[in-house]
Amino acid sequence: MAAENPMESLQEEATCPVCLEYFTEPVTLECGHNFCRACIAQCWEGSDTDISCPQCRETVQRRNLRPNRQLANMVEIAKQLSLQAAKGRGGDGVCGEHQEALKLFCEEDQTPICLICRESRAHRAHMVVPIQEATQEYKERIQAQLKTLRDEREKLLGLKVTGEGKSQKYLRQTQTERQKVVSEFQQLRQFLKEQERLLLAQLEKLDEEIVRIQNENVSKLSEQISHLSELISELEEKCQKPPSEFLQDVRST
């Protein structure tokens with residue numbers, strides 16, 4: 001009789017009657033019953049052709065074994081619906097396949113499993129521990145890693161602070177040096193400006209002295225030229241006189 005809950009009915013239809021798990025590679029026998037390929041293959045061990053169906057006991061032949069793709073698709077849908085239903089109930093701690101509490105942890109697959117999963121082919125040979133024990137163990141591992149990471153972070157923070165301190169120190173030094181260079185060049189510009197002023201003043205005085213000497217020389221030469229011009233005129237005039245007049249006072253002339 002089918003279960004009243006549609007989800008339970010779907011899960012029942014998607015479950016192999018041999019392994020009691022979701023069908024894996026489901027195949028259909030000629031009697032109409034379905035099994036996992038691996039489950040029915042175990043029934044054929046030691047027989048080449050005929051076996052008795054595990055569910056109805058009818059005799060079936062290997063050659064009439066057919067893959068059931070529709071059932072395989074339905075199994076995948078059932079798995080997805082079951083997982084969604086578990087999540088809808090806040091079932092992070094519920095097995096999506098068997099709807100059982102996740103009380104165990106598979107060390108090999110690194111995943112939480114339920115008690116039914118523990119007896120399945122997938123986990124039967126694996127190392128399994130209580131989920132609380134695994135949680136404590138991995139928390140301790142993570143805490144150890146956290147300590148290492150925090151220590152490394154503190155170390156890097158220390159390096160960062162030290163580096164920033166050095167950078168600020170170097171920046172202060174470069175700022176002091178910059179101010180020193182600016183000050184020295186300002187003083188140098190002031191000195192050169194003063195030297196320029198003094199040299200220009202000296203050159204201006206030299207120009208004035210040159211002009212003064214030139215003017216004095218010109219004045220003296222002009223006087224001498226004027227005097228000589230008078231003498232020349234006087235002598236020329238004397239030379240034009242008659243011999244009697246010309247010879248008068250000739251010695252003084």
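**Surface patch, sheet and salt bridges of the predicted model**

Phe-191 is partly exposed, its relative accessible area being 47%. In this predicted model, the residue lies in helix α5, which spans residues 131–239. Phe-191 belongs to a nonpolar patch on the surface, together with Val-181, Phe-185, Leu-188 and Leu-192. The accessible area of these residues together amounts to about 460 Å².

Strands of a sheet pair through backbone hydrogen bonds, in either a parallel or an antiparallel manner. Here, three strands form an open sheet in the order β7-β6-β8, and their pairing is antiparallel. Strands β7 (111–113) and β8 (128–130) are the edge strands, each pairing on one side only. On average, neighbouring strands of this sheet are turned by 35° against each other, direction ignored. Three bridges connect β8 with strand β6 (residues 104–106) in the antiparallel sense, and Cys-106 stands opposite Val-128 in β8. Helix α5 packs on the sheet and touches β6, β7 and β8. The direction of α5 makes about 90° with that of β8.

Side chains of opposite charge can pair when their charged atoms come close. Six salt bridges are present in the structure. One of them is formed by Arg-37 and Glu-25, whose closest N and O atoms are 3.7 Å apart. This pair links distant parts of the chain, 12 residues apart: Arg-37 is in helix α2 (residues 37–43), whereas Glu-25 is in the loop between α1 (6–13) and β1 (26–28). Arg-37 is partly exposed at a relative accessible area of 34%, while Glu-25 counts as exposed at 55%.

The side chains of Asp-151 and Lys-147 meet at 3.0 Å, N to O. Because these two residues are four residues apart in helix α5, about one helical turn separates them. Asp-151 is partly exposed, with a relative accessible area of 41%, and Lys-147 counts as exposed at 52%.

Glu-216 and Arg-212 form a further salt bridge, with 2.5 Å between the closest N and O atoms. Glu-216 and Arg-212 are likewise four residues apart in α5, and therefore separated by about one helical turn. Glu-216 is partly exposed at 37% relative accessible area, and Arg-212 is partly exposed at 37%. Through salt bridges that share partners, Glu-209, Arg-212 and Glu-216 are joined into one network.

Conventions: Residues are numbered from 1 along each chain as its sequence is written. This is a predicted model: local features need pLDDT of at least 70, side-chain atom pairs count only at pLDDT 80 or more; totals for chains, interfaces and linings use all residues. Side-chain values use heavy atoms; hydrogens and water are left out. Patches are made of residues with over 30% relative accessible area and no salt bridge: like charges are joined within 9 Å, nonpolar side chains (Val, Leu, Ile, Met, Phe, Trp, Tyr) within 5 Å. Accessible areas come from the Shrake-Rupley method with a 1.4 Å probe; for residues, only the protein chains shown count as cover. A salt bridge is a side-chain nitrogen of Lys or Arg within 4 Å of a carboxyl oxygen of Asp or Glu. Buried means under 20% relative accessible area, exposed over 50%, partly exposed in between (1.4 Å probe, protein chains only). Two strands pair if DSSP finds at least two bridges between them. Axes are lines fitted to C-alpha atoms, for helices over the stretch in contact, and angles run from 0 to 180 degrees between N-to-C directions. Contact means heavy atoms within 4.5 Å.
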